[in-house]
Amino acid sequence: MCSDGIPRSRTRYRQALAPKQELQKLRRLDLRKTQAARLNTIRDINRQIVLNYVREREPISRAEIARETDLQRSTISAIVEELKTEGLVEEVGEGQSTGGRRPTMLRLRTKGAIAIGVAITPTRTMVATSDLAGRVIEEREFLTDADPEKTLPEVIGLVRDFSRRNNGSIETVGVSLPGLVDPSTGNAVYVPFFKWRDIPVSQLISTAVGLPVVIDNDANAVALAELWFGRPEVSDARDFILVLVAEGVGTGIIFDGQVYRGQRGAAGEFGHMVIGTHAPVPCSCGNHDCWEAFASERAAIARYMQLTGVNASPLGFKELVAQALDGESNAKAALIETAHYLGIGISNLVVGFSPEAVVVGGEIARAWPLIENALTETIEHSVRRGLPSAIILPSTLGEQPELRGALSLVLAGKFAAAFAA
Ligand SMILES: [Zn+2]
């Protein structure tokens with residue numbers, strides 16, 4: 001332990017707690033939000049460190065945590081007891097001996113559902129339970145109705161059902177929405193696909209089911225899922241941008257290990273940045289020059305229809321990707337052109353933010369072998385020489401990133417540091 005009580009760790013926790021550079025000391029305190037350091041602030045920090053070691057290195061023994069962190073054994077034991085009592089950590093038998101007694105190994109408690117995630121997307125709404133590690137246990141879905149008086153009661157019914165069947169183990173509900181959300185009030189400020197304005201979604205669900213509800217924009221929620229459950233190149237980055245390609249295009253900005261929200265949660269609306277004219281489809285806001293109108297799933301489908309002249313039964317984006325992966329040339333061409341426009345927008349973000357990584361999420365990530373060249377060529381061409389570029393990666397969150405995002409809104413609250421740095 002250092003004299004300031006902050007453990008010396010060889011991992012990123014040390015970096016998170018100790019200013020890396022002189023410049024970082026220049027942050028101005030927000031006196032409206034800062035409380036005097038409480039006596040147990042250091043204990044809270046140590047608790048989060050132990051919990052996150054178990055999360056990332058499980059199975060791990062108390063002795064291994066002590067070696068990694070320089071925390072005292074007695075401190076770790078006390079914290080582990082507390083985490084066990086709270087149902088966050090459990091013991092899973094004995095590990096290899098390094099001389100003395102065989103150590104008891106620890107891991108995250110995986111038994112039982114703790115969170116419910118609700119992902120409302122323009123087409124489908126998914127509701128699922130998950131354990132503490134983010135594994136989906138049960139899932140149901142239905143077609144989203146643009147009328148909130150139809151969609152929200154259906155959500156409430158499923159949440160209530162899951163909650164009852166889990167006998168009170170569900171602690172919180174996370175909701176992701178494809179539009180502008182104010183996380184502080186829990187209101188959907190504006191959801192362009194459904195024309196929802198100022199609907200108190202969080203309050204309506206919370207009152208009906210009797211559970212706390214955390215709500216956020218879909219891209220922010222997916223960015224949070226990448227931060228906590230993504231591949232290490234992403235989750236270890238302090239600054240990265242998640243680009244969610246779906247019916248629209250959304251971006252979630254992770255700045256210094258947390259979601260950058262801006263005023264009333266309105267940051268990250270890059271889907272509406274102007275990148276050209278005469279897009280193949282109108283944007284959800286009605287304009288024809290937004291990034292979303294050039295780079296969304298809808299734009300790719302419109303290009304495919306132009307190329308083939310097919311106008312009958314609307315083709316789903318999933319089928320378009322499947323056809324392209326099968327080698328169908330029009331489907332490939334439509335995706336590659338869409339990737340080019342996706343790359344133009346990403347170039348602007350890279351030039352403006354200089355993030356460590358940009359992650360592309362959504363169904364389009366499955367077509368990575370087909371689109372990677374078009375994407376990286378556009379970005380390399382646009383980002384000027386001499387400026388640092390970012391690594392561009394497909395998301396590894398799987399087929400339902402919005403659902404993983406909704407669950408992460410709850411789970412991140414368990415692992416994130418609640419203290420002000
Ligand atoms: Zn727009």
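The model is predicted. The structure holds 25 salt bridges, and the peptide bond from glutamate 58 to proline 59 is cis.

- For comparison, the ideal angle for four tetrahedral donors is 109.5 degrees.
- Cysteine 283 has a relative accessible area of 5% and is therefore buried, the cut-off for buried being under 20%.
- Cysteine 285 has 37% relative accessibility and counts as partly exposed.

**Strands β7 and β11**

- Strand β11 covers residues 213–217, and four of its five residues are buried, so the strand is largely enclosed by the rest of the structure.
- Strand β7 (residues 172–177) pairs with β11 in the parallel sense, over five bridges.
- Within this pairing, leucine 177 has asparagine 217 of β11 as its bridge partner.

**Salt bridges**

- Glutamate 68 and arginine 57 form a salt bridge, with their closest N and O atoms 3.3 Å apart.
- This pair links distant parts of the chain, 11 residues apart: glutamate 68 is in helix α3 (residues 62–69) and arginine 57 is in helix α2 (residues 41–57).
- Glutamate 68 is partly exposed at 21% relative accessibility, and arginine 57 is partly exposed at 35%.
- Arginine 165 and aspartate 161 meet through their side chains in a salt bridge of 3.6 Å, N to O.
- Both arginine 165 and aspartate 161 belong to helix α5 (residues 148–165), where they lie four residues apart, about one turn of the helix.
- Arginine 165 counts as partly exposed at 42% relative accessibility, as does aspartate 161 at 29%.
- Glutamate 292 forms a salt bridge with arginine 298, and the closest N and O atoms are 3.5 Å apart.
- In that pair, glutamate 292 is buried, with 4% relative accessibility, whereas arginine 298 is partly exposed, with a relative accessible area of 25%.

**Backbone features**

- The cis peptide bond from glutamate 58 to proline 59 has omega near -5 degrees.
- Proline 59 is placed in the loop between α2 and β1 (60–61).
- Aspartate 256 has phi near 55 degrees, a positive value in a residue other than glycine.
- Aspartate 256 is found in the loop between β13 (249–255) and β14 (258–259), and is partly exposed with a relative accessible area of 25%.
- Histidine 278 likewise has a positive phi, near 55 degrees, and is a residue other than glycine.
- Histidine 278 sits in the loop between β14 and α9 (291–295).
- The relative accessible area of histidine 278 is 72%, so this residue is exposed, the cut-off for exposed being over 50%.

Notes: Residues numbered from 1 in each chain as written. Predicted model: local features only at pLDDT ≥ 70, side-chain atom pairs only at ≥ 80, totals over all residues. Heavy atoms only, no water. Buried < 20%, exposed > 50% of the residue type's maximum accessible area, 1.4 Å probe, protein only. Helix = DSSP H or I, 4+ residues; strand = E, 2+ residues; numbered from the N terminus. Pairing = 2+ DSSP bridges. Salt bridge = Lys/Arg side-chain N within 4 Å of Asp/Glu carboxyl O.
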